[in-house]
Amino acid sequence: MLNILSGIPQGIKVEADTDNLEYCNFVYMCIKEPNSYYHIPDNILGLLEPILNTIWNNYISSKQSRKQYCYVTIKKMYIQPNTFGNREGWHIDGFLGGDQINFIWSDDLPTEVAIGEFNISEDHHESLSEMENQVKDFTNLESNTLYMLDQTCVHRPTINSSDQTLLRTFVKVTFTDELFNGFGNAWNYMLPHIKPTKNRSV
């Protein structure tokens, strides 16, 4: 069993350009291979530039991440009332993922983070139900704020509890030693195609 203490990560305000971003749903697009430069398509550069600069200046340097892959998930989409912007449920990004580090940012419906102690198994599926059952307290993060989520941060997407359809942009930046080759991952045409061989878990 794993004993973890989930808390509120420190955030940094970031103003990113979402007005010039098209509606999209990119999942784990590779923008950097190990020991290589960043290759960021022009259509997402305005959005990612201030986010990446904040990461490099405050969390990890470009030199530190040189040997890792960098992937981005970007979603600009309408969120209907009583629905989530992402897959619902309490979870940990990069659970048991070694040195994986994740950063998240959104301009509306910010993520909910659990506060407190958890005792969970190392099984990916069992741990999800254990997190769900053990949450006692939680809080919302802030919009237009960048957060680093380590592998102790239990969190979930926020439901749109209003009666209005909301336009939301969500960004996740992932640094990892692992090659992400899941079916459905976005292809960055500035880099060689990563052939998908791994089924995505539901």
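**Close-up views of a predicted model**

**View 1. Surroundings of Thr158.** Not counting residues up to four places away in sequence, Thr158 touches Thr83, Phe84, Gly85, Leu109, Pro110, Thr111, Glu112 and Asn140. The model shown here and in the other views is predicted. Thr158 sits in the loop between β10 (155-156) and β11 (166-176). Its relative accessibility is 10%, so Thr158 counts as buried, the limit for buried being under 20%. The Thr158 side chain reaches the backbone oxygen of Pro110 at 2.4 Å and makes a polar contact with the side chain of Asn140 at 3.1 Å.

**View 2. Salt bridge between Glu112 and Arg156.** The two side chains meet at 2.6 Å, N to O. Glu112 belongs to strand β6 (residues 112-114) and Arg156 to strand β10, so the pair links distant parts of the chain, 44 residues apart. Glu112 is buried, at 8% relative accessible area, while Arg156 is partly exposed, at 21%.

**View 3. Salt bridge between Lys13 and Glu142.** Here the N to O distance is 3.5 Å. Lys13 is in strand β2 (residues 11-13) and Glu142 in the loop between β8 (138-140) and β9 (145-149), so the pair ties together parts 129 residues apart in sequence. Lys13 counts as exposed at 53% relative accessibility; Glu142 is partly exposed at 46%.

**View 4. Salt bridge between Lys172 and Asp93.** These side chains meet at 3.7 Å, N to O. Lys172 lies in strand β11 and Asp93 in the loop between β4 (69-79) and β5 (101-106), 79 residues apart. Both Lys172 and Asp93 are buried. The structure holds 3 salt bridges.

Notes. Residues are numbered from 1 along each chain as its sequence is written. This is a predicted model: local features need pLDDT of at least 70, side-chain atom pairs count only at pLDDT 80 or more; totals for chains, interfaces and linings use all residues. Side-chain values use heavy atoms; hydrogens and water are left out. Helices (H or I, at least four residues) and strands (E, at least two) are DSSP runs, numbered from the N terminus. Buried means under 20% relative accessible area, exposed over 50%, partly exposed in between (1.4 Å probe, protein chains only). A polar contact is a pair of N or O atoms within 3.5 Å; within protein, one must be able to donate a hydrogen and the other to accept it, and residues adjacent in sequence count only if both atoms are side-chain atoms. Contact means heavy atoms within 4.5 Å. A salt bridge is a side-chain nitrogen of Lys or Arg within 4 Å of a carboxyl oxygen of Asp or Glu.
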